[in-house]
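Thanks for coming, everyone. Please have the sequence and the model open while I talk.

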Amino acid sequence: MIPRQIIQKIRQIEIRTKHLVNDVFSGEYHSVFKGRGMEFAEVREYEPGDEIRSIDWNVTARLGRPYVKRFIEERELTVILMADVSASGHFGTVGQMKSEITAEICALLAYAAIQNNDRVGLLMFTDQIEKFIPPKKGRTHILRVIREVLYNQPEHTGTDIAQALEYLNRLLTRRCIVFIISDFLTADYIKPLRVASKRHDVVAVTVTDPRELSLPGVGLIELEDAESGDEVLVDTGDAEWRRQYAEYNTAIRNDRDQQFRVTGVDAIHIRTDQPYIDPLLQFFKLRERKFAR
């Protein structure tokens with residue numbers, strides 16, 4: 001049975017995210033994603049005014065005159081939310097844990113999708129596939145998605161994005177919009193990420209706590225890796241140690257962002273100490289301008 005406080009939290013998230021979608025976010029989602037899912041309809045002879053990039057060069061070469069591909073907009077899109085529910089999400093030094101931010105972002109994206117008559121599915125992963133909820137529509141389904149992300153009790157603690165992407169690549173045959181919400185504190189996922197980005201419209205949503213970037217000088221503290229359980233005693237009063245800690249974490253994130261660029265994956269960077277709606281809106285406005293070119 002779900003605890004009463006979790007039910008209250010689900011309701012709070014529903015109210016908050018529905019408000020954001022209705023007042024701020026829905027139009028941004030629609031302008032970027034509606035019309036991006038296209039199905040091939042036919043090949044026809046080129047007519048003045050047709051876009052050059054729509055020319056089917058194979059047919060053109062075979063028939064000796066230009067032909068273009070014609071596509072029709074899919075009536076509905078499928079959105080897959082890939083939520084990292086590993087133990088590292090149970091960390092937060094400001095107001096909310098990373099896992100709570102993840103739940104709210106999933107809710108926001110889900111409500112934006114169903115307002116546009118799109119289907120929403122959920123894939124929760126650690127270093128194993130914890131649960132997959134097939135895409136559906138409707139408020140009841142969205143509430144289930146929020147509940148699962150917020151109240152999940154995963155069997156494992158680690159993170160394996162590569163395995164989750166490989167599972168997704170095997171599972172989905174039609175093009176989808178895929179949001180991966182994670183801290184991305186793992187490695188060796190570039191190959192399946194590249195495969196997924198060729199098949200789907202993939203967006204990485206990174207969730208970071210400020211203490212994962214730098215630490216204040218507060219003397220001796222014990223740090224524990226939430227996923228492995230390893231503990232280490234460090235002296236944060238040592239300025240050189242703090243500098244190396246910051247440089248190390250910056251390098252990890254620079255490498256991560258480089259992998260996103262190499263694989264053609266767009267990214268939204270969320271921090272637990274800042275409102276997440278601002279980077280979300282900035283991302284969608286940038287994409288809208290890109291697609292309008």
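This is a predicted model: local features need pLDDT of at least 70, side-chain atom pairs count only at pLDDT 80 or more; totals for chains, interfaces and linings use all residues.

Look at R243. R243 counts as partly exposed, at 37% relative accessibility. Its partner is E240. E240 is partly exposed too, with a relative accessible area of 36%. The two form a salt bridge, and their closest N and O atoms are 2.4 Å apart. Where do E240 and R243 sit? Both are in helix α7, residues 239–263. They are 3 residues apart there, so about one helical turn separates them.

Why can such pairs form at all? Side chains of opposite charge can pair when their charged atoms come close.

Now the wider picture of salt bridges. How many salt bridges are there? The count comes to 16. Some share partners. K98, D183, E212 and R253 are joined that way into one network.

Let's take one link of that network. K98 forms a salt bridge with E212. The closest N and O atoms are 2.5 Å apart. K98 lies in helix α3, residues 98–115. E212 lies in the loop between β7 (201–208) and β8 (220–224). The pair therefore ties together parts that are 114 residues apart in sequence.

Are K98 and E212 buried or exposed? K98 counts as buried, at 2% relative accessibility. E212 is buried as well, with a relative accessible area of 10%. The cut-off for buried is under 20%, so both values qualify.

Stay with E212 for a moment. What does E212 touch, leaving out residues up to four places away in sequence? The list is F91, K98, L185, V207, Y245, N249 and R253. Two of these names, K98 and R253, also belong to the network with E212. For a sense of distance, take I15. I15 and E212 are 197 residues apart along the chain, and 30 Å separates their C-alpha atoms.

Another salt bridge pairs D50 with R44. Here the closest N and O atoms are 2.9 Å apart. D50 counts as buried, at 16% relative accessibility. R44 counts as partly exposed, at 25%.

The volume of the largest cavity is about 60 Å³. Which residues line the largest cavity? They are D84, G89, K98, S99, T102, S182, D183 and V207. K98 and D183 are members of the salt-bridge network, and V207 is in contact with E212. Which element gives the most to the lining? That is α3, with 3 residues.

Now helix α5, residues 161–171. Which of its residues are buried? They are I161, A162, A164, L165, L168 and N169. Look down the axis of α5. The buried residues fall within an arc of 160°, so they line one face of the helix.

The N-terminal end of α5 has a cap. The capping residue is D160. One of its side-chain oxygens lies 3.3 Å from the backbone nitrogen of A162.

N169 counts as buried, at 10% relative accessibility. Leave aside its neighbours within four places in sequence. What is N169 in contact with then? The answer is P192, V195, A196, R199 and H200.

Last, zoom out to the whole chain. There are 8 helices and 10 strands. The chain has 293 residues, and 44% of them count as buried. Its C-alpha atoms fill a box of roughly 75 × 45 × 35 Å, taken along the principal axes. And what about contacts with a separation of 6 or more? Residues 24 or more positions apart account for 74% of those.

To close, go back to K98. K98 is buried. K98 pairs with E212.

Conventions: Residues are numbered from 1 along each chain as its sequence is written. Side-chain values use heavy atoms; hydrogens and water are left out. Buried means under 20% relative accessible area, exposed over 50%, partly exposed in between (1.4 Å probe, protein chains only). Helices (H or I, at least four residues) and strands (E, at least two) are DSSP runs, numbered from the N terminus. The arc is that of the directions from the helix axis to the C-beta atoms. A polar contact is a pair of N or O atoms within 3.5 Å; within protein, one must be able to donate a hydrogen and the other to accept it, and residues adjacent in sequence count only if both atoms are side-chain atoms. A salt bridge is a side-chain nitrogen of Lys or Arg within 4 Å of a carboxyl oxygen of Asp or Glu. On a 1 Å grid over the protein atoms alone, a cavity is a set of points where a 1.4 Å probe fits but cannot get out, and a pocket is an open set with protein on both sides within 12 Å along at least five of seven lines; lining residues have an atom within 4 Å of a point. Grid points are joined across faces, edges and corners, and a volume is the space filled by probe spheres set on the points. Contact means heavy atoms within 4.5 Å.
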